[in-house]
Amino acid sequence: MSKEYSTSFYRDEDRDNANLLGGTKTRPPSKSRFVRWLPWLSRGVLMFTTILFFTLWVRAPSIDDVVVYSPANEAIESIGIIRFNGSLDAPSIYRGSPSPEIDAAWDRVSLGARQGRLTLEQLLRTGEKPSPSMVRYPDEYGGGYVVAGEATHQLHCVNMLRRVTWGDRGQSSDHKNHESLESFRIHLDHCIEMLRQILMCHGDVTMLTYDWVEGHEDPFPNFNVRHQCRNFEKALDWMNEHRVFIPKSKMVRLEGNVDMPSTP
């Protein structure tokens, strides 16, 4: 009776005969499980890494999301999308011929003496560097650097222009603070230039539609459109809460202060 042998097990003479006759060759040693799964593991790691970097890229803040440091950033709050009332004759507490009521409304939101404080650490975080000319509070009033919010300064400029359009030059406190009409004109031009820069900086791309209006030959823009808005009242409250009150007589040059040769 003939002997049967598995193709995976030969005696030496059988292996020699099989090789001569071109028979079944010996199987190579099987690869380990890790080696067999290595290509799939490599593909999995690559896919995971790709998804991870894509997710981080999507969630990374854009250039517009990077906010210049201010201690008042904590007061920034979105109130969502608000539709402006841009009609030409829209009533407003801020418009009309100067009056005690309208002037009071503007004074509440404009610059005034609403000055606050920055510590040295906060000043450096804003990207500015201390200089000998920077105004500081005396130590007896808490020290720190004298600052004011940009929003109220910008509204101060709008208020100044408003008064001038109504011919209010003699009564304006802004005019009284200037030595001449020429210096007042320089102040006005400064305000116009500041407002131009801030408007172009923000670059509002909200779209205005046009309508045909009875009595108007050309299409008329509809300014009653929606805008993404912040809660201005919350920011104003923050500035009011952080005001520093100091007598004018105490706002003096301190040791180490050096005057700038001209205004910045």
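A nonpolar patch on the surface of the predicted model is formed by Leu88, Leu208, Tyr210 and Phe223, which together contribute about 410 Å² of accessible area. Within this patch, Phe223 occupies the loop that connects strand 5 (220–222) to strand 6 (226–230). The relative accessible area of Phe223 is 34%, so this residue is classed as partly exposed.

Helix 3 spans residues 100–109, and its buried residues are Ile102, Asp103, Ala105, Trp106 and Val109. These positions lie on the same side of helix 3, because the arc they cover around the axis is only 155°. Such an arrangement follows the geometry of an α-helix, in which there are 3.6 residues a turn and residues three or four places apart therefore point the same way. Pro100 and Glu101, by contrast, are exposed on the other side of helix 3. The cover over the buried residues of helix 3 includes helix 5 (150–165) and helix 8 (232–241).

Helix 5, one of the elements covering helix 3, contains His153. The relative accessibility of His153 is 18%, and this residue therefore counts as buried, the cut-off being under 20%.

Regarding confidence, the chain has an average pLDDT of 83, and 75% of the residues score at least 70. The stretch comprising residues 1–24 has a pLDDT below 50, and in the model it makes nine contacts beyond near neighbours in sequence.

Key. Residues numbered from 1 in each chain as written. Predicted model: local features only at pLDDT ≥ 70, side-chain atom pairs only at ≥ 80, totals over all residues. Heavy atoms only, no water. pLDDT = per-residue confidence, 0-100. Contact = heavy atoms within 4.5 Å. Patch = residues over 30% accessible without salt bridge, like charges linked within 9 Å, V, L, I, M, F, W, Y side chains within 5 Å. Areas by Shrake-Rupley, 256 points an atom, 1.4 Å probe, with all protein chains shown as cover. Salt bridge = Lys/Arg side-chain N within 4 Å of Asp/Glu carboxyl O. Helix = DSSP H or I, 4+ residues; strand = E, 2+ residues; numbered from the N terminus. Buried < 20%, exposed > 50% of the residue type's maximum accessible area, 1.4 Å probe, protein only. Arc of directions from axis to C-beta.
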